[in-house]
Amino acid sequence: MAVSGSKCKSCKAPAVIDLPRHNANFCAEHLLQLCRRQMAKAIDDYDMFGPDDHILVAVSGGKDSLAIWDMLIEAGYRADGFYVGLGIGEYSEESGQYVRAFAEQRGLTLLTVDLRDEYGYDIPTAARATKRVPCSSCGMSKRHLFDKAAKDGGYDVVVTGHNLDDEAAVLLGNVLHWDVNYLARQLPVLEARNGFPRKAKPLVRLTERETAAWCLIRGIDYLVEECPIAAGNRHLHHKDILNAIEQESPSTKAAFYLNFIENMSPLLAETTAAAQGELHHCERCGAPTTGEVCAFCRLVATAGAHEPVPVELVLGKRGRR
Ligand code: Q46
Ligand code: ZN
Ligand code: ZN
């Protein structure tokens, strides 16, 4: 990571990272300071949570979620971790080990749920049973379990490790399709409503290169390998496109996302309100839903009745690298 011969913008010590979007190089300590400042600015600007709030951090074992958990604890917030075992072969086994080691080494509280043990299915089986892409049942399962864990544990807010690269890539996808409902809900913080907890993304001002640097400098071990199923995910293609633009024109990625939040999101507020229709309680689990039985309970019924499918069978051509 060292940048040979260059000096930190703040203290003139040898730099460890160059950040073209800030037109500067930084030493390890000043890179950490930049990360702390950007997180604090996101929390403040978007009014995400306060020092008394009890935070539940959704952790996957990857760099972003462990970095945000570490940053919140370091800043003095009360933050517990929440991990869902998705049953995606070795990837899930290893990710669980990284999360547990992180929590144990720091004496932090970690809540865990294993889909196979507690709900009788895993993501490869859900994908096969529903005949849909794995990320669809995976995303829905995680959202449902984050909401449930926050409600059951009395947490004020659920925090996820989505960074600037993630959000800009999702935004590009939503813009390419002019998907107004998704655009209206693509906010760094979503207020609690209708039985759903507040959700916040304090890393939206930091890139994945910066969160990786945070982990490296702070000595955080994380699972470098991405989910094997993500290889065919269109967000990765959108990230590549944005990185190519960023290379030619540094800071475009941040402008694309942050100016959308500042200038466009307020104009979409009415759409958000209109999209929030009447919700009932799911008759099986009590979660908020538009139907009688929520999508998660329907998935548990369908995937739980299917015989277990090994992860290799759902990778197909898209998932192989
Ligand atoms: S949604 Fe899809 Fe991720 Fe689930 S199946 Fe893997 S790539 S882990 S963030
Ligand atoms: Zn410095
Ligand atoms: Zn339900």
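K63 and D64 are both buried. The model in which they occur is a predicted one. For K63, the relative accessible area is 16%, and the label "buried" applies because the cut-off is under 20%. The side chains of these two residues meet in a salt bridge, with a distance of 3.3 Å from N to O.

**Salt bridges**

Across the whole structure, a search finds 18 salt bridges. K63 takes part in another pairing, with E208, in which the closest N and O atoms are 4.0 Å apart. Since K63 belongs to helix α2 (residues 63-74) and E208 to helix α9, this pair ties together parts that lie 145 residues apart in sequence. E208 is partly exposed, at a relative accessible area of 24%. E208 also forms a salt bridge with K239, where the closest N and O atoms are 3.2 Å apart. That pair links distant parts of the chain, 31 residues apart, with E208 in helix α9 and K239 in helix α10 (residues 234-248). K239 counts as buried because its relative accessibility is 16%, and buried means under 20%. Elsewhere, E29, R36, D70, E74 and R218 are joined into one network by salt bridges that share partners.

| Salt bridge | N to O distance |
|---|---|
| K63 and D64 | 3.3 Å |
| K63 and E208 | 4.0 Å |
| E208 and K239 | 3.2 Å |

Helix α9 spans residues 208-218 and includes T211. Is T211 buried or exposed? With 1% relative accessibility, T211 counts as buried. Which residues does T211 touch, leaving aside those up to four places away in sequence? They are K63, D64, A67, N163, L203 and L206. The C-alpha atom of T211 is separated by 9.3 Å from that of S65, although the two residues are 146 residues apart along the chain.

**Buried residues of helix α11**

Helix α11 covers residues 252-264, and its buried residues include K253, A254, Y257, L258, F260 and I261. An α-helix has 3.6 residues a turn, so residues three or four places apart point the same way. The cover over the buried residues of α11 includes α7 (164-176), α8 (180-185) and α10. Helix α10 is also where K239, the partner of E208, is located.

**Charged patches on the surface**

The surface carries a patch of negative charge in which E90, E93, E225 and E312 gather. One of them, E93, has its place in helix α3 (residues 89-106). E93 counts as exposed because its relative accessibility is 53%, and the cut-off for that class is over 50%.

A patch of positive charge on the surface is formed by K7, K9, K12 and R37. R37 is located in helix α1 (residues 28-45), whereas K12 is found in the segment before β1 (17-19). K12 has 54% relative accessibility and therefore counts as exposed.

**Backbone features and loops**

K12 also has a positive phi, near 70°, in a residue other than glycine. A positive phi, near 85°, is likewise found in S251, again a residue other than glycine. S251 sits in the loop between α10 and α11. Its relative accessibility of 30% makes S251 partly exposed.

Another loop, between β9 (280-281) and β10 (288-289), holds G286. G286 counts as partly exposed, at 27% relative accessibility. What separates G286 from R209 in sequence and in space? The two are 77 residues apart in sequence, and their C-alpha atoms are 40 Å apart.

How values were computed. Residues are numbered from 1 along each chain as its sequence is written. Chains are lettered from A and ligands numbered from 1 in the order in which they are written. This is a predicted model: local features need pLDDT of at least 70, side-chain atom pairs count only at pLDDT 80 or more; totals for chains, interfaces and linings use all residues. Side-chain values use heavy atoms; hydrogens and water are left out. Patches are made of residues with over 30% relative accessible area and no salt bridge: like charges are joined within 9 Å, nonpolar side chains (Val, Leu, Ile, Met, Phe, Trp, Tyr) within 5 Å. Accessible areas come from the Shrake-Rupley method with a 1.4 Å probe; for residues, only the protein chains shown count as cover. Lys and Arg count as positive and Asp and Glu as negative; His and the chain ends are not counted. The place of a charge is taken as NZ of Lys, CZ of Arg, CG of Asp or CD of Glu. Helices (H or I, at least four residues) and strands (E, at least two) are DSSP runs, numbered from the N terminus. Buried means under 20% relative accessible area, exposed over 50%, partly exposed in between (1.4 Å probe, protein chains only). Contact means heavy atoms within 4.5 Å.
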